[in-house]
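Please look over the structure shown here before reading on.

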Amino acid sequence: SLGMALSMMEIPQALCAYIDSLDVNRYVIWFFLCLIYMALGCFVDGFDLLLITTPVFYPVIVTVLGFDPVWFGVTVVVLLELSLLTPPVGMNLFVTHSLSNNDGSLIETIQGIIPFLGVMLACLVLMTAFPQIVMYLPSMMK
């Protein structure tokens with residue numbers, strides 16, 4: 001599998017060592033990882049993006065930066081959903097366009113989803129600023 005191949009090439013270990021050597025706030029690194037997810041989401045399908053990035057970014061987020069694994073999983077799902085709305089590969093964008101009854105262009109559909117992208121980005125910011133939002137239900141399971 002891809003995760004095993006990356007592990008054998010020691011890519012996650014090298015990335016962890018590099019990020020650990022940086023003298024940067026962990027939220028700055030998280031911001032750049034979010035940008036990477038959104039940029040890759042423009043070209044790669046959500047499931048494929050999950051399979052490619054999780055073996056590399058999970059050790060960085062959990063081990064080096066100290067974020068909770070459940071929190072990381074939930075925020076990655078939100079990032080993947082954002083990527084499903086972004087052109088040119090955004091699958092949900094094309095589904096929405098094909099289901100709309102108007103004969104307009106894809107540009108109109110893209111303009112129509114901009115508020116939804118804003119709300120999803122706001123949710124991502126809230127989940128980062130207040131991780132208790134994400135961790136409330138898992139904390140009730142103990």
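Predicted model: local features only at pLDDT ≥ 70, side-chain atom pairs only at ≥ 80, totals over all residues.

Residues are numbered from 1 along each chain as its sequence is written, and side-chain values use heavy atoms, with hydrogens and water left out.

**Helices α5 and α7**

- Helix α5 (residues 69-83) packs with helix α7 (residues 106-129) at an angle of about 165°, their axes being 10 Å apart; helices are DSSP runs (H or I, at least four residues) numbered from the N terminus, and axes are lines fitted to C-alpha atoms over the stretch in contact, with angles from 0 to 180 degrees between N-to-C directions.
- That angle makes α5 roughly antiparallel to α7, a label given to angles over 145 degrees.
- On the α5 side, the contact (heavy atoms within 4.5 Å) is made by Trp71, Val74, Thr75, Val78, Leu79, Glu81 and Leu82, and on the α7 side by Leu117, Met120, Leu121, Leu124, Met127 and Thr128.
- By class, the contact of α5 with α7 has 10 nonpolar, two polar and one charged residues, where Ala, Val, Leu, Ile, Met, Phe, Trp, Tyr, Cys and Pro count as nonpolar, Asp, Glu, Lys and Arg as charged, and the others, Gly among them, as polar.

**Helices α3 and α4**

- Helix α3 (residues 26-41) and helix α4 (residues 46-64) pack at about 175°, and their axes are 12 Å apart, which means that α3 is roughly antiparallel to α4.
- Trp30, Leu33, Ile36, Tyr37, Leu40 and Gly41 of α3 meet Leu49, Thr53, Thr54, Phe57 and Ile61 of α4, and the residues of this contact divide into eight nonpolar, three polar and no charged.

**Cysteines**

- The count of disulfides comes to zero, a disulfide being a pair of cysteine sulfur atoms within 2.5 Å.
- Cys42 is in no disulfide, and its nearest cysteine sulfur, that of Cys34, is 14 Å away.
- The sulfur of Cys123 lies 13 Å from the closest cysteine sulfur, in Cys34, which is too far for a bond.
- Cys123 counts as partly exposed at 37% relative accessibility, given that buried means under 20% relative accessible area, exposed over 50% and partly exposed in between (1.4 Å probe, protein chains only).

**Leu106**

- Leu106 lies in helix α7 and is partly exposed, with a relative accessible area of 27%.
- Leaving aside neighbours within four places in sequence, Leu106 is in contact with Leu93, Phe94 and His97.
- The C-alpha atoms of Leu106 and Gln132, which are 26 residues apart along the chain, are separated by 38 Å.

Note on methods
Helix = DSSP H or I, 4+ residues; strand = E, 2+ residues; numbered from the N terminus. Parallel < 35°, antiparallel > 145°, perpendicular 65-115°, else oblique.
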